[in-house]
Amino acid sequence: MPSTETHVGRATSRVDGPAKVTGAAKYSAEYPAPDLAYGIVVSSAIARGKITSIDTSAALAVPGVLQVFTHENRRRTAWLDYNYQDEVAPPGSPFRPLHGPEIVYSGQPVALVVAETFEAAGHAASLVKVEYEAAEHVTDLEVKRHEAYVPKKKRSGVKPPPSPRGDAASAFGAAAIHVDEEYTHAIEHHNPMEPHASTVVWEGGGKLTVYDKIQGPQNSQKYITSVFGLAADDVKVVNAYVGGAFGAGLRPQYQLFLAVMAALELERSVRVVLTRDQMFTFTHRPHALQTVRLGADEQGKLMSVRHDVVQSTSQFEDYQESIVNWSGLMYHCDNVELTYKLAQLDTYTPGDMRAPGATTGVFALEIAMDELAERAGIDPVELRLRNYAEKDQDENKNFTSKELRECYRQGAERFGWARRSAAPRSMKDGRELVGWGMATGCWEAYFQKTTARATLQADGRLEVATATSDIGTGTYTILAQLGADALGVPLEKVDVRIGDSTLPYSPVEGGSWTAASAGTAVQLACKSVGEKLLGFARAMDNSPLANASPEHVTFRDGRIELQSDPARFVTFADAMRAGGVESVEAEETASPDLLTSMRYSMYTHSAIFAEVKVDEELGIIRITRIVNAVAAGKILNPKTARSQILGGVVMGMGMAVAEESMLDHNLGRFMNHNLAEYHVPVNADIHDIDVIFVDEHDDKASPIGVKGLGEIGIVGTAAAIANAIYHATGKRIRELPITPDKLL
């Protein structure tokens, strides 16, 4: 049943665009509910210790206040840690809101005030008096560095460092050229536009409909039923639209627990929305201290690679990322040693933030490679080509595809890299120093088990459905494109249903696996619909398709046509009439091929080229040009694909020169907990970003030939910018963000 690609591969505007720009799209805090009450969270004022008393009398006296929930009166919930562990939870004991008097991080919820109005709840929350017995806390990773440990239990889906190969220490000693430096970056917070919010609608009889800010509605649904002991059929979670997440919405956050608890206790609908301040109290990109040691011969060929990391986690969970693994697979080297340890701090558990692990590890590796290029007197692109990895040495596997060489070539050509003057401080534009830098990007091409349903009506209207989410990546649009092509219907006749826990199974939206996974499942479901429909058509009396097999027909414009003679066809309506049905439905599951996974490594690659201009007297940095050349298999929609790379690049720019969550270690609290003081790139900071999609055929990474794009745009971008800043100024800054004070 070959499909004609009318829509796939074409730059197509988002099918959900009109709903978003007209306000028809509703987010978690926007759904109306009868008899809706409002909850406001009271946050702890200390980082560690315990509550000695809570006085809620003044809050309860406020007109309209329904209840103040604390650890002293909260509903009983599940006892075991297992019940609180969501789909992507790291090993450990997940945080339980209002579980007891113990305080384990600053900003921890200590009470929920519920009232008839938002204003009454807010006023009453300010009247809750909490007394604490503070204990000594530590939030400085440098202080706990000596207590770092290798986590015994590994996080599911996160590869631990591979075993050492060769003798990295001896090879480093024998090398002619050395790099041995430490790199670090500030803690970052995700800061999506939509804050975390949950609207829990009491449907009566213990049934709930929950509108939650989450990247996977089935993750929240399973969490709710497990924690509160509810039947699966009694809880429906919806997140049809998500206003950004970047990983902050992978795990259910505490407002969901509190809203569900209050709704069950009060037997009415409850909404809880977190403030921007409270958004800074939980998940974040963790702090990591990285040491990279590279040894090379006089020609720049790597003889030794060592990468050691100590990363922060909470006191209650061992959050893990693959930070060092990239240093063993991105370049060819026979002597590699990689170590990864955790140190516990009195903060909330860190969380996945766009390209977790790779963003951190590749930043350090790619600056170290730039330093190696300079010390060897070799062009940075040429150094990477001399050390090009033809296979994944970490796992001793070939790549399913790798067009990184072409990324280097096309990116350098578009950028004009050949005109670069190698010496630092040698390029100027008026009073500004000009710097050109580059780096490599790499991210895994994941594929996850996903189920989808397709339903075709007699009039040619098609619905495709799976529980996955669209966090702004364009999932609605690519699924519509794939469905339209699979059954030859116009794009405007495809309805996409996602973001609903009652739909067929899908993992959380993350890891850049959604396009490959949900897209393949949708295509399989549509193929099954087509085969059923063809079966009806073949069984018709005097059918023109009586002997036609699926590979000999084409679905187009509401008809099943014989490829060799399009004049011989059966309409969808006639086929369904012959089959005695009004619609045809099929549900299919797409799963990764285990044999392929055992034989091959699957990665997306990129080459990033950056131009900066730095005011010589003031140290002000402007990022004036970025060229990002990406090899990611088949591009389903160049328009939404480019948007993903642009977003990743902008976040990389933020990491390089702006984003920094500042901890006051005396208080154990993030101090710049708003968008006025936590700096992100804005329109005035963004200049020319050029995205190139390098042709790459891959028939192994996923059945539809695609590799994810959500993450790759950020990986390596901060390093390219840091390398450009060094080229401009001659000052090597190994601590991000690079701010004017570090240059002056």
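1. Basis. The model is predicted, so to speak of local features a pLDDT of at least 70 is needed, side-chain atom pairs count only at pLDDT 80 or more, and totals for chains, interfaces and linings use all residues. Residues are numbered from 1 along each chain as its sequence is written, and side-chain values use heavy atoms, with hydrogens and water left out.

2. Salt bridges overall. A search of the whole structure gives 49 salt bridges, a salt bridge being a side-chain nitrogen of Lys or Arg within 4 Å of a carboxyl oxygen of Asp or Glu. Helices (H or I, at least four residues) and strands (E, at least two) are DSSP runs, numbered from the N terminus. For accessibility, buried means under 20% relative accessible area, exposed means over 50%, and partly exposed lies in between, with a 1.4 Å probe and protein chains only.

3. D346 and R48. These two residues form a salt bridge in which the closest N and O atoms are 4.0 Å apart. D346 sits in the loop between β14 (336–344) and α10 (358–376), and R48 in the loop between β1 (37–43) and β2 (49–55), so the pair ties together parts 298 residues apart in sequence. D346 is buried, at 2% relative accessible area, whereas R48 is partly exposed, at 39%.

4. K159 and E444. Which parts of the chain does this pair tie together? The side chains of K159 and E444 meet in a salt bridge of 3.1 Å, N to O. K159 is in the loop between α4 (141–144) and α5 (168–174) and E444 is in strand β18 (residues 432–444), so parts that are 285 residues apart in sequence are tied together. K159 counts as partly exposed at 30% relative accessibility, and E444 counts as buried at 13%. Both residues also belong to a network of salt bridges that links K159, E395, K397 and E444.

5. E371 and R734. Here the closest N and O atoms of the salt bridge are 2.8 Å apart. The pair links distant parts of the chain, with E371 in helix α10 and R734 in the loop between α18 (717–729) and β32 (735–736), 363 residues apart. E371 counts as buried at 2% relative accessibility, while R734 is partly exposed, with a relative accessible area of 23%.

6. A sheet of 3 strands. The order in this open sheet is β4-β2-β6, and the pairing is antiparallel. β4 (102–103) and β6 (129–134) stand at the edges with a single partner strand each, so one side of each has no neighbour in the sheet. Two strands pair if DSSP finds at least two bridges between them; β2 and β4 pair over 2 bridges. Within the sheet, G49 stands opposite I103 in β4.

7. The second largest pocket. On a 1 Å grid over the protein atoms alone, a pocket is an open set of points with protein on both sides within 12 Å along at least five of seven lines, a cavity is a set where a 1.4 Å probe fits but cannot get out, and lining residues have an atom within 4 Å of a point. Grid points are joined across faces, edges and corners, and a volume is the space filled by probe spheres set on the points. The second largest pocket holds about 400 Å³ of space. Its lining has 22 residues, with I621, V657, A658, H679 and D685 nearest the centre. The elements giving two or more residues to this lining are β28 (621–631) and α17 (638–657), and β28 gives the largest share, 3 residues. By type, the lining divides into 14 nonpolar, 4 polar and 4 charged residues. In that count Ala, Val, Leu, Ile, Met, Phe, Trp, Tyr, Cys and Pro are nonpolar, Asp, Glu, Lys and Arg are charged, and the others, Gly among them, are polar.

8. Cavities. The whole structure has 5 cavities of 30 Å³ or more. In the largest cavity there is about 130 Å³ of space. It is lined by 13 residues, and F95, Y223, P252, Q253 and Y348 are the closest to its centre. This lining divides into 9 nonpolar, 1 polar and 3 charged residues.

9. Helix α17. This helix has 20 residues and spans 28 Å from its first C-alpha to its last, close to the 28 Å expected at 1.5 Å a residue; the expected span is 1.5 Å times one less than the number of residues. Its buried residues include T640, A641, Q644, I645 and G648.
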